[in-house]
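Please read the points below beside the sequence and the 3D view, which come next.

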Amino acid sequence: MHYFISAGEASGDLHAADLIKELKAADPKATFTFLGGDKMAEAAGQGPLIHYREMAYMGFVDVAMNLSKVLSNLSTAQDALIAVKPDCLILVDYPSFNLRLAKTAYDRKIPVYYYISPKVWAWKENRVKTMKQLIKRIFSILPFETAYFAKKGIDVKYVGNPSLHEVDRKLDQLPSESEFRQQHDLGEKPIIALLPGSRVGEIKANLPIMAKAVASKADYLPVIAASPAIDTELYESLAPGVKFISDSTFELLAFARAAVVTSGTATLEAALIGTPQVVVYRSVGSKIVYGIFERILKIDYVSLPNLIMNKEIIPELLMHHCTPKEIQSYLTPLLGETPMRKRMIENYADMRSKLGTTNPAKETATTIVNDLKHK
């Protein structure tokens, strides 16, 4: 069978690559057309129709400034979908683009599956109606999504969380702590990891606050997880004198005593590793923005560990609450052998059990192949 897969970001490329491998295992005659990146190309043994580097436009302004390219990419994908006539279309997150592609497939009676659903339960819930019409089945990687989509009348199956398997795989391949410290000249002090995000705007907003929050921790070594795509001068200017290392975020989290993490997927990674953390997020006009988002967002929490557990297992200091003083008040107890630290680690273990042990890519691939065989 022929599978058309659309992933528009680096994380989608990673997850879709695993899915391609499992589709090939379940269907030895599988062939592919895909939008994605190098990992998918390696798994499929061929290049992408469009590389995600040409699709990575996020936010209204970014999309508006590159609208002609976005529309060109969509037209190319739609034309290919019509020409190839695949047995199915598999979407990986990236909803603004992918739901338009889904409409083209639906109109031609090509079944559409969604692996890693858009987070419509938090933002842009109006997309649910479109998804109900166009999507044959959602393969969810967050356990609480199952009840949400089922209530909306959408066929949904929880298949496990890929981050769990990726983290465990990386933990098995970790160097020793002494090797890591020696490689990056980190000395012997216990580490506080600072994860300010991967985009310039969020780094500018969050890193100076993080650096001030840990400045008084003389017995600890704060280390910034730097993105290799960001100029090192930015880190040096925003947090003078603070050590930073590039492209080693996982190892840094694994060997840190605790972490201060900008809200995003890294919060789940830290929790799966077992590193106590404080989640932060700040932006320009924080108090005003906080008030707006309180009204727009449909969720009680923003970090994935809290959403999965449906309670606050890690502190969230958002917008105007993200200050050096508030960060210190939550971080300090996590550095010692305290009830707060113990409770957080115990909650991490409970969260792991909620995620299950299923291999999500394998479960998704097997279900899709069986579904298509019996359609």
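1. In this note a residue is called buried if its relative accessible area is under 20%, exposed if that area is over 50%, and partly exposed in between, with a 1.4 Å probe and protein chains only. By that cut-off Asp93 counts as buried, because its relative accessible area is 19%. The model is a predicted one, in which local features need pLDDT of at least 70 and side-chain atom pairs count only at pLDDT 80 or more, while totals for chains, interfaces and linings use all residues. Residues are numbered from 1 along each chain as its sequence is written, and side-chain values use heavy atoms, with hydrogens and water left out.

2. The elements named here are DSSP runs numbered from the N terminus, where a helix (H or I) has at least four residues and a strand (E) at least two. Two strands are said to pair if DSSP finds at least two bridges between them. On that basis six strands make up an open sheet with parallel pairing, and their order is β10-β9-β8-β11-β12-β13. At its edges lie β10 (243-246) and β13 (316-318), each of which pairs on one side only. From one strand to the next the twist averages 25°, where axes are lines fitted to C-alpha atoms (for helices over the stretch in contact) and angles run from 0 to 180 degrees between N-to-C directions.

3. What are the partners of β8? With β11 (residues 256-262), strand β8 (residues 191-195) pairs in the parallel sense over five bridges, and in this pairing Ala193 stands opposite Ala259 while the bridge partner of Leu195 is Val261. With β9 the pairing of β8 is also parallel, over four bridges, and Ile192 stands opposite Pro222 there. Together β8, α10 and β9 form a right-handed β-α-β unit; a crossover is right-handed if, with the strands pointing away from the viewer, the path from the first strand over the helix to the second runs clockwise.

4. Within helix α10 (residues 200-214) lies Asn206. Is this residue buried or exposed? Asn206 counts as buried, because its relative accessibility is 0%. Apart from neighbours within four places in sequence, Asn206 is in contact (heavy atoms within 4.5 Å) with Pro196, Thr262, Val280, Tyr281, Arg282 and Cys322.

5. Cys322, one of those contacts of Asn206, is itself buried, at 1% relative accessibility. Cys88 is buried too, at 0% relative accessibility. The structure holds zero disulfides, a disulfide being a pair of cysteine sulfur atoms within 2.5 Å.

6. Helix α5 (residues 95-107) has 13 residues and reaches 18 Å from its first C-alpha to its last, close to the expected 18 Å, the expected span being 1.5 Å times one less than the number of residues. In α5 the buried residues include Pro95, Phe97, Asn98, Leu99 and Leu101, and Ala102, Thr104 and Ala105 are buried as well.

7. Most residues other than glycine have a negative phi. Asp93, in the loop between β4 (88-92) and α5, has instead a positive phi near 50°. Lys109, in the loop between α5 and β5 (112-115), also has a positive phi, of about 60°, although it is not a glycine. Lys109 counts as exposed, because its relative accessibility is 76%, whereas Asp93 is buried at 19%.

8. A last point concerns Ala229, which has its place in the loop between β9 (221-226) and α11 (232-238). Ala229 is exposed, because its relative accessible area is 69%. Although Ala229 and Arg199 are 30 residues apart in sequence, their C-alpha atoms are 9.0 Å apart in space.
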